[in-house]
Amino acid sequence: MKLDGRRQSTNVEDRRGKGTVAKAGGLGLGGIIVAVIVFFVTKDPQQAFQAAQNSGNPTEVSVASEQLDDPEYQELTTFASQILAGTEDVWSAEFKKLGKVYHAPKLVIFEGQVTSACGGATSDCGPFYCSGDQCVYLDLSFFKEMKKQIGADGDFAYAYVIAHEVGHHVQNELGTLGQAHQAMQQYGQGTKRANEISVRLELQADFYAGVWAYNDNKMFGSLEDGDIEEALNAASKIGDDYLQKKAYGRTMPETFNHGTSDQRSRWLRKGLRTGDINQGDTFSPAYNSL
C-alpha cells in the first residue's frame, strides 16, 4: 500500500506496558485460530470452540512491553494509525451520502491482555470490536501470527483485518449489530441459528472492508499491484471450513460463525469491486446462497 504522507488518526489509545486484565474471548478475527490451538492441546472440539468465545473473570496483572522499543512494532503502530485514519475519511464521506454522521471508533493497541466494556481478553483471541465502548482492540503481534499460523501476510492483508473490525463498528452505527446480537441471544449463543446470524455479520464486515479499500484507493491512490491478492488470500485462510479442515481434517458447518473461505473472499471481493455500501445486504438472501 502507498501510505507515505498519509495522516495518522488521533483516535488511538496505546495501552502497552500499562497493565491489563485477563482472560476472556471475543468474536474477533482470530477466534477460530484460538479454537485450532486449543484443539491441538485438548483434542476436544467442544472445548476448543468454547475457548474461542468464552468469558471469564478478569484479574489485574502487570505486563512488561516487548513492543514499544521495537522498530518493527513502531512501524506497525504508525501503519495501524494510518489505516484507521483512512477508515475515518472513507466512512465519514459514505455516511454523509446516506444523510448520516459517522462517529469514528477508537483503536486500542494492547499487548498480551486487555480489558474492555465487553470483558477481558488475551491476544490469542485476535483483534475484536466491542460495541460497549465502541473500540477496536488490536495486539500488533497478531499480524506476525497471521503469517506464521495461516500463511497470510502483506500490508494490505493487515489493513483488511483492521478494516474488517471497523466494519463491525459501521454495523453498530447503522443499528445492524445490535439487532443481530439481540436475535442471537434469543436463539441462544452457539446454536445453529445464532451461528448463521454471526456468519451474516462477519460476511458483511468483510464486504465493508472491501468498500473501504475501494474508496480509500479512490481518494488516495493507495492500492498497489498484489495488494488485492494479499487481502483475498487472508480472507480465504480464515474461512471456517479451511481452519476446521486444518485442525480436524473435516468441517462442521453447524458450528461455522465467520463464513467459509469462498464466502469471505466473495463478499470482500464484492466490496472491492463495487465500493457501494448499499450492495452489502447479507441478511436478506437465503443462508445457503450467501
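## A pair of facing residues

The model you are looking at is predicted. Strand E8 covers residues 135–138, and its pairing with E7 is antiparallel, with 3 bridges between the two strands.

## The sheet around them

Now step back to the sheet. Its 4 strands run in the order E1-E4-E8-E7, and this open sheet has mixed pairing. In general, strands of a sheet pair through backbone hydrogen bonds, either parallel or antiparallel.

Which strands stand at the edges? They are E1 (12–14) and E7 (128–130); each has a single partner strand, so one side of each is left without a neighbour in the sheet. From one strand to the next, the twist averages 25 degrees.

A helix joins the picture too: H3, residues 71–97, packs on the sheet and touches E1, E4 (106–109) and E8. The direction of H3 makes about 165 degrees with that of E4.

## A cavity among helices

Let's turn to the cavities.

Residues lining the second largest cavity include Phe156, Tyr160, Trp212 and Leu268. Helices H5 (155–174), H7 (192–220) and H10 (261–274) are the elements that each give two or more residues to this lining. The largest share, 4 residues, comes from H7. Sorted by class, the lining has 8 nonpolar residues, 1 polar residue and no charged ones.

Definitions and conventions. Residues are numbered from 1 along each chain as its sequence is written. This is a predicted model: local features need pLDDT of at least 70, side-chain atom pairs count only at pLDDT 80 or more; totals for chains, interfaces and linings use all residues. Side-chain values use heavy atoms; hydrogens and water are left out. On a 1 Å grid over the protein atoms alone, a cavity is a set of points where a 1.4 Å probe fits but cannot get out, and a pocket is an open set with protein on both sides within 12 Å along at least five of seven lines; lining residues have an atom within 4 Å of a point. Ala, Val, Leu, Ile, Met, Phe, Trp, Tyr, Cys and Pro count as nonpolar, Asp, Glu, Lys and Arg as charged, and the others, Gly among them, as polar. Two strands pair if DSSP finds at least two bridges between them. Axes are lines fitted to C-alpha atoms, for helices over the stretch in contact, and angles run from 0 to 180 degrees between N-to-C directions. Contact means heavy atoms within 4.5 Å.
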